[in-house]
Amino acid sequence: MTAVLHTERLTKRYGHRPALTDVDLDIPPGRVVGLVGPNGAGKSTLLGLAGGLITPTSGTITVLGNRPAANAAHLARVGFVAQNTPVYPGLSVRDHLRLGARLNRSWDQRLAERRIAQVGLDPGQKAGRLSGGQHAQLALTIAVAKRPELLILDEPVAALDPLARNQFLRNLMEFIGELEVTVVLSSHLISDLEQVCDHLVLLSASRVQLAGEVDALLAEHHRLRAARGDLDDLPAEVEVITAEHRAGESTVVVRRAGTAPIPGGAHRIESVGLEELILAYLTRAADASVAYQPTTRPMEAQR
Ligand SMILES: Nc1ncnc2c1ncn2[C@@H]1O[C@H](COP(=O)(O)OP(=O)(O)OP(=O)(O)O)[C@@H](O)[C@H]1O
């Protein structure tokens with residue numbers, strides 16, 4: 001199956017600052033991919049590279065079998081909603097749909113009008129007068145009405161209130177079903193991603209820390225509880241992601257390769273949820289970056 005998004009050692013630096021380092025990814029078609037990571041992890045950079053807004057420093061990226069934004073026909077196959085997708089303030093919602101129809105050969109006017117009505121946007125309203133949430137809904141409508149094969153959404157729900165967010169995600173799921181589109185969606189709201197994503201990419205400090213199908217990742221990870229010290233000698237196939245020690249008990253999140261047996265020392269083996277899994281990897285990445293931080297004490301004070 002040809003990957004919708006394929007990268008090999010994809011790297012982007014701004015000056016000396018790495019935004020993305022040696023990223024190898026394969027996103028199969030039909031997935032809804034949640035892209036997560038702390039501020040500055042490289043999420044927007046990855047999405048910008050996929051949308052052809054920026055170019056790599058090294059490595060390669062292909063989108064739908066071609067380089068990003070290769071030509072007009074290729075651009076038409078990708079819908080992109082950035083964090084602050086521009087609209088024309090002086091044009092009405094209806095004008096934006098007209099413009100979309102003129103610029104996109106595969107434009108679906110009925111889909112666009114239905115969506116505008118569903119989310120309660122007034123077609124006569126000037127885009128410059130829309131709220132942040134309404135603005136996001138208009139940008140998404142334009143992106144889906146192109147009937148893209150790949151829909152890239154950079155924190156689309158950040159500006160929405162909880163009710164609008166819920167409505168946005170329900171709408172999105174409806175459209176995903178109808179359009180048979182692959183979606184890559186970045187968000188800090190893990191509970192939202194949990195509702196819609198079947199694939200996960202976790203970035204931290206410019207690198208991919210975890211990637212794969214959500215169900216497979218959840219099946220590979222476990223929470224072990226044991227008396228403190230009983231989990232000190234885990235076999236090599238059982239990788240410790242995070243460990244917490246409290247009141248004589250250790251709680252450890254582990255990744256088990258294949259069918260390697262869980263060690264006998266654990267008195268409880270529990271499954272983990274997506275939020276716990278993501279937090280475990282983010283904690284590990286944050287701990288690693290603290291461990292490698294050079295001391296910030298001035299030389300004078302150290303003497
Ligand atoms: N145009 C730019 N010029 C210089 N540095 C940049 C530029 N864009 C991003 N960066 C840097 O690249 C790194 C990754 O930024 P990016 O915006 O991709 O992160 P992010 O994961 O999307 O963050 P957030 O969750 O805050 O939106 C950061 O260190 C950021 O400061």
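Across which strands does helix α5 lie? In this predicted model, helix α5, formed by residues 132-145, lies across β5 and β6 (150-154). The helix runs at about 175° to β5.

Both of these strands belong to an open sheet of 6 strands, in which the order is β5-β6-β7-β3-β8-β9 and the pairing is mixed. From one strand to the next, the twist averages 10°. Within the sheet, strand β3 (residues 32-36) is paired with strand β7 (residues 182-186) in the parallel sense, over 4 bridges. In this pairing, Val 33 stands opposite Val 184 of β7.

Antiparallel pairing is found for strand β1 (residues 5-14), which is joined to strand β4 (residues 58-63) by 5 bridges. Thr 11 has Ser 58 of β4 as its bridge partner. Strand β1 is also joined to β2, again in the antiparallel sense, by 7 bridges, and Arg 13 has Pro 18 of β2 as its bridge partner. β1 and β2 form a hairpin with 2 residues between them, and Gly 15 in the turn has a positive phi of about 65°.

The surroundings of the ligand were examined next. The ligand is surrounded by Tyr 14, Arg 17, Ala 19, Gly 37, Asn 39, Gly 40, Ala 41, Gly 42, Lys 43, Ser 44 and Thr 45. At least two residues of this shell are supplied by each of β2 (17-27) and α1 (43-50). Helix α1 accounts for the largest share, 3 residues. When the shell is divided by class, 3 residues are nonpolar, 6 are polar and 2 are charged.

Helix α4 (residues 109-118) has Ala 112, Arg 115 and Ile 116 as its buried residues. These cover an arc of only 100° around the axis, and therefore lie on the same side of α4. The elements that cover the buried residues of α4 include α3 (93-103) and α5. The face turned away from the buried side of α4 carries the exposed residues Arg 110 and Ala 117. After α4 comes Gly 120, with a positive phi near 75°.

Positive phi values also occur at residues other than glycine. Most residues other than glycine have a negative phi. Asp 22, with a phi near 45°, has a positive value and is not a glycine. This residue lies in strand β2. Asp 22 has 15 other C-beta atoms within 10 Å and is therefore partly exposed. For Ala 247, likewise a residue other than glycine, phi is positive and near 45°. Ala 247 is placed in the loop between β11 (238-246) and β12 (249-256). Here 5 other C-beta atoms lie within 10 Å of Ala 247, so the residue is classed as exposed.

Conventions. Residues are numbered from 1 along each chain as its sequence is written. This is a predicted model: local features need pLDDT of at least 70, side-chain atom pairs count only at pLDDT 80 or more; totals for chains, interfaces and linings use all residues. Two strands pair if DSSP finds at least two bridges between them. Axes are lines fitted to C-alpha atoms, for helices over the stretch in contact, and angles run from 0 to 180 degrees between N-to-C directions. Two residues are in contact if their C-beta atoms, placed from the backbone, lie within 7 Å. A residue is near a molecule or strand if its C-beta atom, placed from the backbone, lies within 6 Å of it. Ala, Val, Leu, Ile, Met, Phe, Trp, Tyr, Cys and Pro count as nonpolar, Asp, Glu, Lys and Arg as charged, and the others, Gly among them, as polar. A residue is buried if 20 or more other C-beta atoms lie within 10 Å of its own, exposed if 12 or fewer, and partly exposed in between; C-beta atoms are placed from the backbone. The arc is that of the directions from the helix axis to the C-beta atoms.
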